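Me: I am new to this structure and would like to learn how to read a few of its features. Where do we start?
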Amino acid sequence: MSNPFQRALQRLPQGSRQLFTAVLYGLAASLVAVAFQVAINKIYWASFIYPLAKAPQLFPWISFAVITVVSIISGWLLANLCPEAAGSGIPQLKLAFWKDFGHTSSRVGWVKFIASSLSIGGGMSLGREGPSVQLGGNVSSIIAGFLGVAKQNKRTAAAAGAAAGLAAAFNAPLAAVAFVLEEILEDLNSRLLGPVLLASVIGAFIVHAFLGAQPAFDLPRIDEPTWRAYLLMPFSAVLAALSGVIFQRGSLALRARSRTWRQLPAMWRPLLAGWITWGLGMAVYARSGHLGVFALGYDDLSAALTGGIFWKLALALLVAKLIATISCYGLGGCGGVFSPSLFFGGMCGVAVAGLGNHFLALNEADRTLLAVVGMSACLGGVVQAPVTSVLIIFEMTHQFALVPGLLIAALVSQIVARRCNHENFYEAILTQDGHDMAHVVPPRDLRSWQNLPISAIAHFEPAVISGLEETTCAAILEKTPYQRYPVATNGKLEGILLRSDFEAAQKEKRPVGLVPAVTARPSQTIRQCQVLLIESTCGLIVITDTEGGRPLAVVTLHDLLRAQAAISEREG
């Protein structure tokens, strides 16, 4: 039954309705992102800044207790209530956008908010931007459902909410639009550009209203950098991009390995990451008085951009922060990778500037430019979204003189990242979780899609019945909801068992018969298999390794229609 809001919304003309919903998505997502940012800042202030100022001699033990408690709480939430809320949130939102039409559950949202706020505010070396994107997409998807939007039509809400969340997190609306189009929609000409752009602008207005219009990093006025900075710029970009490569490979390797640890359940792995972070953070703090290893590290990054970090300290912070972030993400922490990537890159730039100053006389503008170039290069190397990596630094600093250097950084980082990693960080996470995005994200036109192999839309690991023994068939039918089942004997396909035929045969106490199976090879195109699917009497194609051989996958009419609907929606 529709609620009053749904009925009122349906009375509006379609154009007005789309405008109203985009505004609503932007407002809700940006408010959640601002609340998330405020929660992190309050927790960090109460956990680190205040104890350090009031009881410096007790600070190491207070910080240890805090990071222990928040790690246990977030680990319990993620392990017992919502495992899909772990990590950055951007890969999960992208998967939901394409696989579930943008629909996400409310549990993901509130578990993500609590676990990420505690984790990041409590000192874990992770970022707030990825969770802000997921939270924005989540709350917009929920609001879309409240407004009566069908599940299959929630992609607009998810995309608009993601853009508003990132715009509010970084105070960078243009970069938010570019990121959603580059990374989530994978189409800079998407028909969703309008709602995404509008929601992103609203996100910027909301963060200005509540937190102010200041950039994320305060930089001194940068005059025209000298040729010496541009001479060192490729070195800064390469080092920063390589640090991003190390982070990606290290995090993925630890993430895969930790899942095989039987002695350490998933609930306790964030605690191990918290202790590693605390040990590294306190080691750096004891020698330098800097807290950059903990949480976002923006205070130390801002100091580095204004010349307040010596190059040797920058290297120490880089190594410690890199190990801590790999531990936090690889061991199942709840937070993003934007902030750490910016930190890695900034410290790489400071280190290059410090070392280069021994050979070349660099001025303040040169040193700042090298640090900013490192930030852009590392972020671009991790997410492999060059437009976003340029715009986000420009909007965060409000310095036009940085743009030529940022463009060079984008070019260098893409060369390094694409040579070292075949996928960006988010795609690699989804691949590690068993999701082949080539089978999820549709191509941009119907002709290209029809020329894909049928394996691109097939359902692998189907429920195959071995033989026709009544007890075996009954057990499989009871455990699964399907209506058609491939039957194989000794690895050879025999035919298709229909649930209705099996139930009728049981009632009539007669042997059950099989429907002839229509088969195809994995390499046959979707265009070829469309005809076969029409010819099939049961609306099912079995993908086999050889003619009449072992069943590998199945394709139904529903799979075909669902994929065609996704293509039509993408084409607009």
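Reply: We start with accessibility: buried means under 20% relative accessible area, exposed means over 50%, and partly exposed lies in between. The model is predicted. W45 has a relative accessible area of 48%, so W45 is partly exposed.

Me: How is a pair of aromatic rings described?

Reply: A pair of aromatic rings is described by the distance of the centres and the angle of the planes. This structure holds 18 aromatic pairs. In one of them, the ring centres of W45 and Y50 are 5.1 Å apart and the planes are at 40°, so the pair is tilted. Y50 is partly exposed because its relative accessible area is 40%.

Me: What kind of aromatic pair do Y482 and Y485 form?

Reply: Theirs is edge-to-face, with 6.2 Å from centre to centre and 65° between the planes. Y482 has 38% relative accessibility and so counts as partly exposed, whereas Y485, at 0%, counts as buried.

Me: Which residues do ring pairs link into a cluster?

Reply: The cluster consists of F170, F179, F247, Y329, F338, F344, F425 and Y426.

Me: Where does the charged end of R155 sit?

Reply: It sits over the ring of F97, 5.7 Å from the ring centre. K321 lies over the face of F343, with 5.2 Å to the ring centre.

Me: Is C529 buried or exposed?

Reply: C529 counts as buried, because its relative accessibility is 3%. Its place is in helix α22, residues 526-535. Beyond neighbours within four places in sequence, C529 is in contact with I454, A520, Q524 and I541. Q450 is 79 residues from C529 along the chain, and their C-alpha atoms are separated by 9.4 Å.

How values were computed. Residues numbered from 1 in each chain as written. Predicted model: local features only at pLDDT ≥ 70, side-chain atom pairs only at ≥ 80, totals over all residues. Heavy atoms only, no water. Helix = DSSP H or I, 4+ residues; strand = E, 2+ residues; numbered from the N terminus. Buried < 20%, exposed > 50% of the residue type's maximum accessible area, 1.4 Å probe, protein only. Contact = heavy atoms within 4.5 Å. Phe/Tyr/Trp six-rings, centres within 6.5 Å; stacked < 30°, edge-to-face > 60°. Lys NZ or Arg CZ within 6 Å of the ring centre and 35° of its normal.
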